[in-house]
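Have a look at the structure first, then read on.

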Amino acid sequence: MSAIKKLFIANRGEIAVRIIKTAREMGITTVLGVSVADEKSFAARLADEAAVLGPAPAAASYLNQEATITAAIEHGCDALHPGYGFLSENAGFARKVISSGLAWVGPSAEAIDLMGDKAQARRAAEAAGVPVLAGTKGPLAHDADPVEAARAIGYPLLVKAAAGGGGRGIRRVNNESELLEIVELARGEAAANFGDPSVYLERFVESARHIEVQLLSDGHTFLHLGDRDCSMQRRSQKVIEEAPAPGIPEHVRDQMRSSSVELARQCSYSGAGTVEFLYDPVREEAAFIEMNTRLQVEHPITELITGIDLVKEQLKIAGGENLPFTQADITFTGHAIECRINAEDPARGFFPSPGKLTALSWPAGNIRVDAGVEEGDVIAPFYDSMIAKLISYSDTRESAIRQAVDALKAAVIEGVKTTVPVHITLLETPEFQKINHNTTFIERNPELLDTLSQEEARA
């Protein structure tokens, strides 16, 4: 029986459903915080109780810290799970949750603070022996000379918001003539989006792949649960993920895994977290990007190759339990691929496609679907447009790709436009199948999406 008796879930959609299902298996009662727009959502129907936090806009509901904590206390909860996004990496909110007497399902506020400041995180990574890219040692001071700093790094380079994350707050600089203008532009964007104008410079890796290492710790035992490849991206947002990361030299894989564990140990990390890397296939080098102090969207592919339920372990750790296994107990079997299916119209520049799901069904077989909706539900225009994550699992990468394509083709989603055709196209490209893709593959091959637009026009 879990030490946590009643859990408040401060999130919505797919991840709220995911947490509710695992909590129920553990005998934990669930209370879901919802906006007025989500009162009749799939997640609200699944939860034991629901608490309305405010109007539809996220700022008035899912980002309303006081309303969230008040609702959790009034409903008699003893713990709060923030999911991902929204308030999940807000150190101030974590402190408020803990000071209110609730258990926080996540790392300490201090760890969130440390890793939330990308310049500080970079310094911490260096201290832990995690490889880093050439760059400034910290945020650029306003009186510092960016030109001199950039010359020491070389072009192309990136200007990155110190408080950014999730692929946001990043601008590329190709040469010295555009540096100063982009630095000032990036500072303004950082201030507007993250409340902090600080930026730093970092070498840009051409043809990089995006690799990440899953961590799990109870504050005493620090473990990795393998790695994932998230290189198929559109505008720095992940589209397809897979585990384990294919085509990585074993010495690079070992370095990423061991140094990530050391970073967790040095910052006394507790819970689930992810260290993200850029991998340069030409140099066969990996370098630190950032650490995400929460559960990742793509966590199911790690669960499938390890057999470990990450949400269950999160809840057990938050309840004061120690991990029941060691690194030697963790094995990796098979290959898993995840496709994030969104209600977007690829033929119209991925414009959101909200509306009612008039038909929704998923194929049977060796496919896992983590969905935030059921047939008849409405994709609201106020939030992220994810419908579901479709995950295939097989003994080989080739077989997992085939299963994913077959499942996507067999899925029935009507009433809204979706990104399913994009996933099928990308999975079937020779570049993806031969692991010759990288984080800019979609941008470098616009004809792939142009073809989809033409097919849509003929339909």
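Predicted model: local features only at pLDDT ≥ 70, side-chain atom pairs only at ≥ 80, totals over all residues.

Residues are numbered from 1 along each chain as its sequence is written, and side-chain values use heavy atoms, with hydrogens and water left out.

**Words to know**

- Helices (H or I, at least four residues) and strands (E, at least two) are DSSP runs, numbered from the N terminus.
- Buried means under 20% relative accessible area, exposed means over 50%, and partly exposed is in between (1.4 Å probe, protein chains only).

**The nonpolar cores**

- A nonpolar core is a set of buried Ala, Val, Leu, Ile, Met, Phe, Trp, Tyr and Cys residues joined through side-chain atoms within 4.5 Å.
- In soluble globular proteins, nonpolar side chains tend to be buried together.
- The largest core here has 41 residues, and the ones touching the most other members are Leu7, Ile9, Ile28, Leu32, Leu216, Leu315 and Phe325.
- At least two residues of this core come from each of strand E1 (6-9), helix H1 (13-25), strand E2 (29-35), helix H2 (42-46), strand E10 (222-234) and helix H11 (310-318).
- H1 is the top contributor to this core, with six residues.
- There's also a second, separate core of 35 residues, and Val239, Cys339, Ala371 and Leu408 are among them.
- Back to Leu32: leaving aside neighbours within four places in sequence, its contacts (heavy atoms within 4.5 Å) include Phe8, Ile9, Ala16 and Ala43.

- H8 (residues 179-194) has 16 residues and reaches 21 Å from its first C-alpha to its last, close to the 22 Å expected at 1.5 Å a residue. That expected span is 1.5 Å times one less than the number of residues.
- Which residues of H8 are buried? They are Leu179, Ile182, Val183, Ala186, Arg187 and Ala190.
- An α-helix has 3.6 residues a turn, so residues three or four places apart point the same way.
- Glu181 and Ala192, on the other side of H8, are exposed.
- Just after H8 comes Gly195, with a positive phi of about 75°.

**Ser231, tucked into a strand**

- Ser231 sits in strand E10 and counts as buried, at 0% relative accessibility.
- The side chain of Ser231 reaches the backbone nitrogen of His210 at 2.9 Å.
- Not counting residues up to four places away in sequence, Ser231 touches Arg209, His210, His437, Asn438 and Thr439.

**Salt bridges**

- A salt bridge is a side-chain nitrogen of Lys or Arg within 4 Å of a carboxyl oxygen of Asp or Glu, and by this rule the count comes to 36.
- Arg18 and Glu303 pair up at 2.5 Å, N to O. Arg18 is in helix H1 and Glu303 in helix H10 (residues 299-306), 285 residues apart. Are these two buried or exposed? Arg18 is buried, and so is Glu303.
- Arg171 and Glu189 form another bridge, their closest N and O atoms being 2.7 Å apart. Arg171 lies in strand E7 (residues 168-173) and Glu189 in helix H8, so the pair ties together parts 18 residues apart in sequence. Arg171 is partly exposed, with a relative accessible area of 30%, and Glu189 is partly exposed too, at 28%.
- Glu212, Arg228, Lys238, Glu241, Glu276, Glu298 and Arg340 are linked in a network of salt bridges.

- A cis peptide bond joins Tyr155 and Pro156, with omega about -5°. Pro156 lies in the loop between helix H7 (146-153) and strand E6 (157-165).
- The peptide bond from Ala243 to Pro244 is cis as well, with omega near -5°. You'll find Pro244 in the loop between strand E11 (237-243) and helix H9 (250-266).
- Ser268 isn't a glycine, yet it has a positive phi of about 50°. Ser268 is in the loop between H9 and strand E12 (270-280).

Note on methods
Polar contact = N/O pair within 3.5 Å; in protein donor to acceptor, adjacent residues only side chain to side chain.
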